Amino acid sequence: GSFSRDLETGSTGDDVRALQAYLNSHGFAIASSGAGSPGNETTKFGGLTRAALAKWQKSVGITPAAGYFGAKTRAYIAANP
């Protein structure tokens with residue numbers, strides 16, 4: 001997927017669902033069951049999404065690993081789909 005905007009806690013939209021699917025499919029599950037879990041991604045960027053994103057950012061060396069989906073993270077995902 002391609003992402004065209006920054007995402008943070010409180011963001012909503014299909015791009016949030018795509019981000020959750022990316023994290024879920026790369027070993028950083030939003031949740032083990034229910035909303036946000038693999039196959040049950042949502043359009044809401046909440047605390048669980050932020051936490052999973054921060055763990056993933058740390059694992060790939062993106063700093064700060066704060067769970068904010070900005071330009072550095074978008075560029076990394078574009079290069080590593």
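Visitor: How many residues does the largest nonpolar core have, and which of them have the most contacts inside it?

Guide: This is a predicted model, in which local features need pLDDT of at least 70 and side-chain atom pairs count only at pLDDT 80 or more, while totals for chains, interfaces and linings use all residues. Residues are numbered from 1 along each chain as its sequence is written, and side-chain values use heavy atoms, with hydrogens and water left out.

The largest nonpolar core has 15 residues, and those with the most contacts inside it are L19, L23, L53, W56, F69 and I77. Helix 1 and helix 2 each supply at least two residues of this core, and helix 1 gives the most, with four residues. A nonpolar core here is a set of buried Ala, Val, Leu, Ile, Met, Phe, Trp, Tyr and Cys residues joined through side-chain atoms within 4.5 Å. Buried means under 20% relative accessible area, exposed means over 50%, and partly exposed lies in between, with a 1.4 Å probe and protein chains only.

The protein has three helices and zero strands, and from the N terminus on its elements run α-α-α. Helices (H or I, at least four residues) and strands (E, at least two) are DSSP runs, numbered from the N terminus. Of the 81 residues of the protein, 37% count as buried.

Helix 1 covers residues 14-25, and its buried residues are D15, V16, L19, Q20, Y22, L23 and N24, so that two of the core residues named above, L19 and L23, are found in this list. What covers the buried residues of helix 1 includes helix 2 and helix 3. The 12 residues of helix 1 should span 16 Å at 1.5 Å a residue, and its end C-alpha atoms are 16 Å apart, which agrees; the expected span is 1.5 Å times one less than the number of residues. After helix 1 comes G27, whose phi is positive, near 90°.

Helix 2 runs over residues 47-60, and its buried residues are T49, A52, L53, A54, W56 and Q57, a list that includes the core residues L53 and W56. These buried residues pack against helix 1 and helix 3. With 14 residues, helix 2 reaches 20 Å from its first C-alpha to its last, close to the 20 Å expected at 1.5 Å a residue. Helix 2 is followed by G61, whose phi is positive, near 85°. The loop between helix 2 and helix 3 holds P64, and the peptide bond from T63 to P64 is cis, with omega near -10°. For comparison, most residues other than glycine have a negative phi, and most peptide bonds are trans.

Leaving aside residues up to four places away in sequence, F69 touches F3, R5, D6, L7, L19, L53, R74 and I77, where a contact means heavy atoms within 4.5 Å. Among these neighbours, L19, L53 and I77 are also among the core residues with the most contacts.

Other neighbours of F69, including R5, D6 and R74, take part in salt bridges, where a side-chain nitrogen of Lys or Arg lies within 4 Å of a carboxyl oxygen of Asp or Glu. By this rule the count comes to two salt bridges. In one of them the side chains of D15 and R5 meet, at 2.6 Å from N to O. This pair links distant parts of the chain, with D15 in helix 1 and R5 in the segment before helix 1, 10 residues apart. D15 counts as buried at 18% relative accessibility, whereas R5 is partly exposed, at 35%.

D6 forms a salt bridge with R74, with the closest N and O atoms 2.3 Å apart. D6 lies in the segment before helix 1 and R74 in helix 3 (residues 71-79), so the pair ties together parts that are 68 residues apart in sequence. D6 counts as partly exposed at 36% relative accessibility, and R74 counts as partly exposed at 21%.
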